[in-house]
Amino acid sequence: MPTKIEKDVISGRETTGHEWDGIRELNTPLPKWWVYVYLATIVWAIGMFILYPAIPLGTRVTPGLLGFSSRAQAMAGFQEMNSLHAAQMQEIGRASFAEIKKNHDLMEVALTAGRTTFANNCQPCHGPGGEGRIGYPALDTDVWRWGGSLEAIQQTITHGIRSNDPEARNSQMPNFGGDKLLTPTQIEDVADYVMTLYGKAKPGVDTAAGAKLFADNCAPCHGAKAEGNRDVGAPPLASHVHLYGDSRAAVVAQITHPRMGVMPNWNQRLSPAMIKAVALYVHSLGGGE
Ligand code: HEC
Ligand code: HEC
């Protein structure tokens with residue numbers, strides 16, 4: 001039996017005709033705009049299901065009519081970036097250092113690529129900012145064993161130092177202790193003299209014997225004033241930068257058994273263009289010549 005539509009006396013609204021113990025239910029339908037929005041979202045969702053990847057099918061999903069894939073979109077982005085980068089890296093490979101430095105955009109790409117490559121390959125030995133550590137030279141100072149011009153740095157990175165590369169930079173310091181070229185006392189004497197070169201000598205120590213030993217044994221490589229000699233890769237000793245430390249013990253240790261560190265050659269691992277980029281980055285760290 002159809003319920004008769006009644007009006008609620010107090011609110012003036014229609015009732016649904018339901019009644020429980022004298023309580024009647026008002027008929028308050030959803031606003032029309034709300035219903036339309038609700039239906040529209042359903043239609044929208046079905047549309048998205050049809051157009052875009054949506055329903056999982058084990059290892060894949062339904063592809064959708066538009067063939068959209070976020071992976072493809074990301075790959076396209078990478079490819080665009082890479083080809084842009086590749087073109088500029090090619091240009092860096094072709095251009096001379098002077099040309100790269102004149103070209104602001106190229107220089108920016110070179111320094112960015114150089115910084116990343118440095119962080120990935122050089123940082124473990126030379127430190128995050130090229131500040132170096134015992135046994136691994138600082139690259140941000142103006143004290144160079146082999147040279148701080150762009151070309152010298154490029155050469156060092158390309159062929160390495162005491163590496164297996166036939167064009168590696170090579171230098172030897174005689175094994176004064178191991179080969180008994182000097183006695184332990186002589187080594188201590190010459191170490192005392194070496195420390196005067198950078199103002200760390202203990203006052204009152206007589207360095208005359210050490211100075212004589214230095215002139216005879218060390219000056220041929222390190223120079224009469226211990227200013228170093230890049231042709232034989234002998235570092236300056238009259239310097240505030242020391243690869244193995246400036247303490248007496250460190251100097252004695254080096255004279256007794258020279259360490260002769262190895263710097264890998266990078267021509268097998270980095271492209272010539274990338275080596276140029278890293279050289280520009282190292283040169284920019286503060287000590288470039
Ligand atoms: C395995 C450790 C190691 C790694 C990695 C390494 N180096 Fe070296 N590097 C050395 C050592 C050791 C020396 C010093 C060798 C010597 O002359 O006694 C050196 C020396 C250098 C020099 C010469 C400094 C001077 O005073 O002339 C430069 C430039 C240099 N490294 C740049 C780099 C760059 C750029 C990279 C990364 C592409 C790199 N190195 C990676 C160990 C390393
Ligand atoms: C044949 C050339 C040669 C002679 C001679 C020589 N040196 Fe060296 N010296 C080098 C080279 C090359 C290095 C760098 C080697 C290394 O990294 O271990 C070096 C490094 C050093 C260092 C380490 C510098 C640092 O930055 O920590 C000291 C100290 C030193 N020499 C002292 C001496 C003294 C003292 C004598 C003489 C008793 C001497 N050398 C003789 C070639 C020479």
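A search of the whole structure, which is a predicted model, finds six salt bridges, a salt bridge being a side-chain nitrogen of Lys or Arg within 4 Å of a carboxyl oxygen of Asp or Glu. In one salt bridge, the side chains of Glu91 and Arg94 meet at 2.9 Å, N to O. Both Glu91 and Arg94 belong to helix H2 (residues 70-94), where they are three residues apart, about one turn of the helix. Helices (H or I, at least four residues) and strands (E, at least two) are DSSP runs, numbered from the N terminus.

Residues are numbered from 1 along each chain as its sequence is written, while chains are lettered from A and ligands numbered from 1 in the order in which they are written. In this predicted model, local features need pLDDT of at least 70, side-chain atom pairs count only at pLDDT 80 or more, and totals for chains, interfaces and linings use all residues; side-chain values use heavy atoms, with hydrogens and water left out.

The protein is divided into domain 1 (83-162 + 264-283) and domain 2 (184-256), with bounds that come from an automatic or database domain assignment. A distance of 31 Å separates the C-alpha centres of domain 1 and domain 2. Their contact (heavy atoms within 4.5 Å) takes 12 residues from domain 1 and 11 residues from domain 2.

The size of an interface is often given as the accessible area lost when the parts come together. Domain 1 and domain 2 bury about 1000 Å² between them, and 64% of this area is on carbon and sulfur atoms. Buried area is here the accessible area (1.4 Å probe) that two parts lose on being put together, summed over both. In domain 1, the residues that lose the most area to domain 2 are Val143, Arg145 and Trp146, together 55% of what that side buries. One residue pair is in polar contact between domain 1 and domain 2, both residues at pLDDT 80 or more. A polar contact is a pair of N or O atoms within 3.5 Å; within protein, one must be able to donate a hydrogen and the other to accept it, and residues adjacent in sequence count only if both atoms are side-chain atoms.

Ligand 1 is surrounded by 25 residues, of which Cys122, Cys125, His126, Arg145 and Met263 are the closest; a residue is near a molecule or strand if one of its heavy atoms lies within 4 Å of it. Oxygen atoms of ligand 1 lie 2.7 Å from a backbone N or O atom of Arg145, 2.8 Å from a polar backbone atom of Trp146 and 3.1 Å from a polar side-chain atom of Arg162. Helix H5 (123-126), helix H6 (150-159) and helix H11 (272-283) are the elements that give two or more residues to this shell. The largest share, three residues, comes from H6.

Around ligand 2 there are 24 residues, and Met173, Cys218, Cys221, His222 and Met260 come nearest. A nitrogen atom of ligand 2 is 2.8 Å from an N or O atom in the side chain of His222. Oxygen atoms of ligand 2 lie 2.7 Å from a polar backbone atom of Leu243 and 2.6 Å from a backbone N or O atom of Met260. Helix H9 (219-222) and helix H10 (248-256) are the elements that give two or more residues to the shell around ligand 2.
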